[in-house]
Amino acid sequence: MSVVRLYQWASRLDRVGIALTRLGLIIVLLWIGGLKAFEYEAEGIMPFVANSPLMSFLISDPENYAAHRNPEGALVPENRAWHQSNGTYVFAYGLGSIIVLYGLLLCTHPWLPQVAAAGSFLVLVMSFVTLSFLITTPECWVPALGGDHHGFPYLSGAGRLVLKDAIMMGAAVVTMADSAQAYLARRAVKVPRVSSLDGGRSQPADEPVEQLETA
């Protein structure tokens, strides 16, 4: 196979890429959302929640989370009791349910693309909120413990986890656009498909755009 033919083959994979992007989002949302029902995962998100001005008011004692951390897999009864009274687990159950719901909304794309587009928009908003943790959560950066590299731009494990939501944000935009196009196509509207292969430039439609049906 020549190099040109290889690129021609690669150029036809945009639809496969979109499908894999949507599937990846669904898997991540359902899996991570489902894990919020378990104590270790709920405890692990407390640094983000306690330091976020958008979420800290939803728990009882955001100031003292650091004194009640549990290493993943460890069971410290005193800390578990504190998280119970703090509302940690109730908050995580609610957050996990919302994340799972977003994943289920994306699953409706073949039948209700307008619903899937709304789900992708919600994932976009969620990713933006998650990325805000880089500003509000001190644990996102390597602490000054004597080493030469700490603070910005040295991401900790928590920071590296948060930064990955930049990819989810882009994936949400891709799936939202694809679902919106599918919905408009079902309403007999001629919209040019935007391909990532042409740098976002859409080709003009071959026929005039029809008016949207009145609701």
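This is a predicted model: local features need pLDDT of at least 70, side-chain atom pairs count only at pLDDT 80 or more; totals for chains, interfaces and linings use all residues.
**Entry 1: the layout**

I started at the N terminus and read the elements off in order: α-α-α-α-α-α-α-α-α-α. That gives 10 helices and zero strands in the chain.

Next I looked up the totals. The chain has 215 residues, and 35% of them are buried. It exposes about 13200 Å², with carbon and sulfur atoms supplying 67% of that. I also checked contacts between residues at least 6 apart in sequence, and 60% of these join residues at least 24 apart.

**Entry 2: helix 6**

I picked helix 6, which covers residues 88-107. It has 20 residues and reaches 29 Å from first C-alpha to last, close to the 28 Å expected at 1.5 Å a residue.

Which residues of helix 6 are buried? My list has Thr88, Tyr89, Phe91, Ala92, Gly96, Ile99, Tyr102, Gly103, Leu105 and Leu106. Then I wanted to know what covers them. The cover includes helix 2 (14-35), helix 3 (39-44), helix 4 (46-51), helix 5 (77-86) and helix 7 (113-131).

**Entry 3: Met55, a loop residue**

I went looking in the loop between helix 4 and helix 5, and found methionine 55 there. Is methionine 55 buried or exposed? Its relative accessible area is 15%, so methionine 55 counts as buried, the cut-off being under 20%.

Leaving out residues up to four places away in sequence, Met55 touches Val49, Phe91, Val129 and Phe133. Phe91 was already on my list of buried residues in helix 6. Met55 and Phe91 sit 36 residues apart in sequence, but their C-alphas are 9.5 Å apart in space.

Glycine 44 is in helix 3. I got 43% relative accessibility for glycine 44, so it goes down as partly exposed, between the 20% and 50% cut-offs. I also looked up its distance to proline 71: 27 residues along the sequence, and 8.5 Å from C-alpha to C-alpha.

Serine 127 belongs to helix 7. Its relative accessibility is 0%, so serine 127 counts as buried. What is serine 127 in contact with, once neighbours within four places in sequence are set aside? I found Asp165, Met168 and Met169. Those three numbers fall in the range of helix 10 (165-186).

**Entry 4: the largest pocket**

Some background first: rolling a probe the size of a water molecule over the atoms shows where empty space is left. Here the largest pocket has a volume of about 1500 Å³. It is lined by 47 residues, and the closest to its centre are Lys36, Glu41, Ile45, Phe48 and Leu161.

Where does the lining come from? Helix 2, helix 3, helix 4, helix 6, helix 7, helix 9 (157-163) and helix 10 each supply at least two residues. I sorted the lining by class too: 29 nonpolar, 10 polar and eight charged residues.

Last stop was the loop between helix 8 (133-136) and helix 9, the place of proline 153. Is the bond from phenylalanine 152 to proline 153 cis or trans? This peptide bond is cis, with omega near 5 degrees. I wrote a reminder beside it: most peptide bonds are trans.

Technical notes: Residues are numbered from 1 along each chain as its sequence is written. Side-chain values use heavy atoms; hydrogens and water are left out. Helices (H or I, at least four residues) and strands (E, at least two) are DSSP runs, numbered from the N terminus. The expected span of a helix is 1.5 Å times one less than its number of residues. Buried means under 20% relative accessible area, exposed over 50%, partly exposed in between (1.4 Å probe, protein chains only). Contact means heavy atoms within 4.5 Å. On a 1 Å grid over the protein atoms alone, a cavity is a set of points where a 1.4 Å probe fits but cannot get out, and a pocket is an open set with protein on both sides within 12 Å along at least five of seven lines; lining residues have an atom within 4 Å of a point. Grid points are joined across faces, edges and corners, and a volume is the space filled by probe spheres set on the points. Ala, Val, Leu, Ile, Met, Phe, Trp, Tyr, Cys and Pro count as nonpolar, Asp, Glu, Lys and Arg as charged, and the others, Gly among them, as polar. Accessible areas come from the Shrake-Rupley method with a 1.4 Å probe; for residues, only the protein chains shown count as cover.
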